[in-house]
Number of protein chains: 2
Amino acid sequence: MSAIPTATVSRLVTYLRIVSQLEESGAERTSSDDLAREAHVSAFQVRKDLAYFGRFGTRGAGYSVATLKRELMRILGLTRPYNVAIVGMGRLGEALADYPNLEAYDFRLRAAFDVDEGKVGREVAGLTVRHVDELADVVRRLEIDIAFLTVPSTSAQAAADALGAAGVQGILNFAPTVIDPPAGTHVEPVDFLAGLKRLSFYIQQPKVKEETA
Amino acid sequence: MSAIPTATVSRLVTYLRIVSQLEESGAERTSSDDLAREAHVSAFQVRKDLAYFGRFGTRGAGYSVATLKRELMRILGLTRPYNVAIVGMGRLGEALADYPNLEAYDFRLRAAFDVDEGKVGREVAGLTVRHVDELADVVRRLEIDIAFLTVPSTSAQAAADALGAAGVQGILNFAPTVIDPPAGTHVEPVDFLAGLKRLSFYIQQPKVKEETA
DNA sequence: ATATGTGAATTGATTCACAGCG
DNA sequence: CGCTGTGAATCAATTCACATAT
């Protein structure tokens, strides 16, 4: 009967960003029409998405920006802190370590790992890079909830398995490969190469419809 | 009757990566079952996705790895080169400029832009960073097809509009905001913060089902 | 009056079962 | 006999229309 569509979850994230911007700009009230316009979806869609979780508006008057923001944060589980580790301190791992906006939603970078002895021991964003041999131990001790997986594709599955076994609940997978989620772990892909290839498909579309005889 | 589901396009990209790996590992033939296992979808799904574009297999014998790879590349428009520009040479822009795998599918980095005079003139990945004032001019002259948009959210829409007006056909949007696609331009989002918030939702799911009375 | 919340209708995507070829 | 390719059936998501609350 239930199970929230994944597309709905993605849109909720978008609505949250929009109400956050509205709040910054000083707006106090908004409507499904406003949100729909900003999120590039229909107003029906906005209301239906919200209806999965409750009733947050006032008929005739729309939504309170503050209330809707609070409720969206609650729905998305953003009312508590998450401890984060980065696995793979290449260029991308380093860039993520220095990313400033993480703390805005209480994502706390607590550990960084690599296999390369040349990288182990270095300081990145106030953290000492540790060897992946210590992963299970450190993840448990620091109660890491979420890992950013920025290792090469060839080691991504093994690293994910190790993280799952150590009790990590969520993995943001930056490696361009599909990972089999360890039991009890949710994996979200962040694959810019895939996005690039989708672009390629849509760009060439206009001039298609040729058959290979 | 027509219109390819966007989910199908995403899966095609995955199938291509799988057959590329199969090719590297020396395999000559594969099947919808193989592909399904690797891509974490059903074999029906694989065959249906491919059926939108033609018949690429041999009944009873599966698919030739080489043929399927070639066909997937053709379907995805990856048989010709694309000229790429990066707009926004912050940390992420720089990391992308140095990303080694771009040339593998003939994506050619040809230009880099920033607004910051401190960055303009610097050398990155063999390119001189140009001021965005030159964007329209340079995009046209170098026949840029695709832009990586790595500017702050607040300037993302304006930059996208400038790129669209200059004739760019595709934009990979790394800014954490929804962009209104300029006419004739396709936008693909690559938003790791959104992925992180989705993770948060799925992590907290187990312990939910509380109502606000 | 106005904009939400929601069952019903529609549209779209996935699954299935098997016909069709090698 | 295998495994692909595909219409038909099922399932899910989106759209619609309107009753409902303020």
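This note goes through the contact between chains A and B, the surroundings of DNA strand D, and one residue of chain A.

1. Basis. The model is predicted, so that local features need pLDDT of at least 70 and side-chain atom pairs count only at pLDDT 80 or more, while totals for chains, interfaces and linings use all residues. Residues are numbered from 1 along each chain as its sequence is written, chains are lettered from A and ligands numbered from 1 in the order in which they are written, and side-chain values use heavy atoms, with hydrogens and water left out.

2. Extent of the interface. Contact (heavy atoms within 4.5 Å) joins 63 residues of chain B to 63 residues of chain A. The two chains bury about 5600 Å² between them, 66% of it on carbon and sulfur atoms, where buried area is the accessible area (1.4 Å probe) that two parts lose on being put together, summed over both. Of the area that chain B buries against chain A, 13% is supplied by B:F192, B:K197 and B:I203, more than by any other three residues.

3. On the side of chain B that touches chain A, α8(B) gives the most, with 13 residues.

4. Surroundings of DNA strand D.

5. A polar side-chain atom of A:R11 lies 3.1 Å from a phosphate oxygen, whereas base oxygens are approached by a polar side-chain atom of B:K48 at 3.3 Å and by a backbone N or O atom of B:G60 at 3.1 Å.

6. A:L142. This residue lies in the loop between α6 (135–141) and β8 (146–149) of chain A, helices (H or I, at least four residues) and strands (E, at least two) being DSSP runs numbered from the N terminus. Leaving aside neighbours within four places in sequence, A:L142 is in contact with A:N83, A:R110, A:A111 and A:R130, and its C-alpha atom is separated by 7.4 Å from that of A:R110, 32 residues apart along the chain.

Terms used: Near = heavy atom within 4 Å. Polar contact = N/O pair within 3.5 Å; in protein donor to acceptor, adjacent residues only side chain to side chain.
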